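Please have the sequence and the structure at hand while reading.

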Amino acid sequence: MPHQLAVVDAFTSVPFTGNPAAVCLLDGPADAGWMQDVAAEMNLSETAFVDLSTVPTTGAVGLRWFTPAVEVEICGHATLASAHVLLERGLASAPITFTTASGELRADRAGNGALSLDFPIDTPKAGSPGGYVADEFADALGAAVIAVARCRYDVLVEVSSAEEVRDLEPDLSALRAASGRGVIVTAANDLPGVDADFVSRFFAPAVGIDEDPVTGSAHCCLAPYWAERTGKPSLVGAQLSRRGGTVGVEVVGDRVLLRGDAVTISEGALRAGEH
């Protein structure tokens, strides 16, 4: 039987903005090579594979994420997209528990059509990873670097202004050599007309994503970083990619709540079965 497939724009309520993710519904475990082929075919920053077979016995939904090049351990926008599809189709009720490579993640309704994700905190540690120094990031980004920190998956680089974040044209080959999944570039928000506390962009050429439009998992690192600097546990981040999107964040102990909207763009069936 064909697998049901949807494309959802996450962290936005406006079609064709935010971060698109493909969501593939499965009735059991699938071959990793086939899932990688599907993700490469979809050619979006992430394709989520949602396994509903465990719900009757455990109450939890299996979830895996693939970029066009590799499987990843965590992904915010594709989790939001998956929860949106399950709730929209009546295949699950809130709150939803997902079983993933990063442990149990939860999704719940957050009012006004938005959803909230309960993710593990990723507190950044000051210092340059992998032998990189601030000057090298400054050269790669073409921006003045204030601080460099290491998150679990990514490197976080703070630059001097939101305008610099917005206007970045980085040397992707240089960023590809940085250790980790990707590079988060951020600054306090001072842009007129942008309703956010901080801004960011995310580059991950090492895993096949030159720039990710809106990156939920990066906000698990951005949330504690900016909460410490502002003294505010609840904040709003704007990701200044071409498509753009907004992520509400709240630090709660060792967890981060990510809040956002989602909108379904297309629905269909994947006719190509497993190898």
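In which loop is the place of Phe11? Phe11 sits in the loop between strand 1 (3-10) and strand 2 (19-26). The model is a predicted one, and every value below is computed from it.

**Backbone**

Most residues other than glycine have a negative phi, and most peptide bonds are trans.

Phe11 is not a glycine, yet its phi is positive, near 60 degrees. Its relative accessibility is 2%, so Phe11 counts as buried.

Asn112 is likewise not a glycine and has a positive phi, of about 55 degrees. This residue belongs to the loop between strand 7 (103-111) and strand 8 (114-120). Is Asn112 buried or exposed? Asn112 counts as exposed, because its relative accessibility is 82% and the cut-off for exposed is over 50%.

The bond from Ala94 to Pro95 is cis, and its omega is near -5 degrees. Pro95 is part of the loop between helix 3 (76-88) and strand 6 (96-100).

**Cysteines**

How many disulfides does the count come to? The count is 1 disulfide, formed by Cys151 and Cys221, with 1.8 Å between their sulfur atoms. The pair joins distant parts of the chain, 70 residues apart: Cys151 is in the loop between strand 10 (145-150) and strand 11 (154-159), while Cys221 is in helix 7 (residues 219-230). The torsion about the S-S bond of Cys151 and Cys221 is about -50 degrees, and the disulfide is therefore left-handed. Both Cys151 and Cys221 are buried.

Cys220 is in no disulfide; the nearest cysteine sulfur belongs to Cys221 and is 8.7 Å away.

Cys24 counts as buried because its relative accessibility is 0%. Cys220 is also buried, with a relative accessible area of 3%.

Conventions:
Residues numbered from 1 in each chain as written. Predicted model: local features only at pLDDT ≥ 70, side-chain atom pairs only at ≥ 80, totals over all residues. Heavy atoms only, no water. Helix = DSSP H or I, 4+ residues; strand = E, 2+ residues; numbered from the N terminus. Buried < 20%, exposed > 50% of the residue type's maximum accessible area, 1.4 Å probe, protein only. Disulfide = S-S within 2.5 Å.
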